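Dear colleague,

I am handing over the structure below, and I would be glad if you could look through it alongside my notes.

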Amino acid sequence: MDPQQQLNKDAKLCTRWALGLTFLFVLLFPGVMFLTGYQYTLSFFKGWTYLAFGWLIIAGICIIVGPVMEFVREKKDSTLK
């Protein structure tokens, strides 16, 4: 497969995942709790905030470490040839 075609395919997949997770975590989950009359407490809000920051930290690590690992792997493969 052509690298540009693969990149376009992966971009579409990532866009779908991003939109799906945004819908789930920003609209659906809090919306259901709002419609059921759930009383938001301070401890729940703190937990939700910790979850959001944890998600951001994990995403940041993946964004930083992924390309570095890919570069190292590519460098290692090029020296073996």
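The notes that follow go from the chain as a whole to its surface and then to single residues.

This is a predicted model, in which local features need pLDDT of at least 70 and side-chain atom pairs count only at pLDDT 80 or more, while totals for chains, interfaces and linings use all residues. Residues are numbered from 1 along each chain as its sequence is written, and side-chain values use heavy atoms, with hydrogens and water left out.

The protein chain has two helices and zero strands, these being DSSP runs numbered from the N terminus (helices H or I, at least four residues; strands E, at least two). Its radius of gyration is 19 Å, whereas a compact globule of 81 residues would come near 12 Å; the radius is taken over C-alpha atoms, and the globule rule is 2.2 Å times the number of residues to the power 0.38. The C-alpha trace spans about 65 × 25 × 10 Å along its principal axes.

Of the 81 residues, 1% count as buried (buried is under 20% relative accessible area, exposed over 50%, partly exposed in between, with a 1.4 Å probe and protein chains only). The chain exposes about 7500 Å², of which carbon and sulfur atoms supply 74%; accessible areas come from the Shrake-Rupley method with a 1.4 Å probe, and for residues only the protein chains shown count as cover.

In helix H2 (residues 42-80) lies Ile57, which counts as exposed because its relative accessibility is 52%. Gly60 is also found in helix H2, and Gly60 is partly exposed, with a relative accessible area of 25%. Gly60 and Gly47, 13 residues apart in sequence, are 20 Å apart in space, C-alpha to C-alpha.

Best regards
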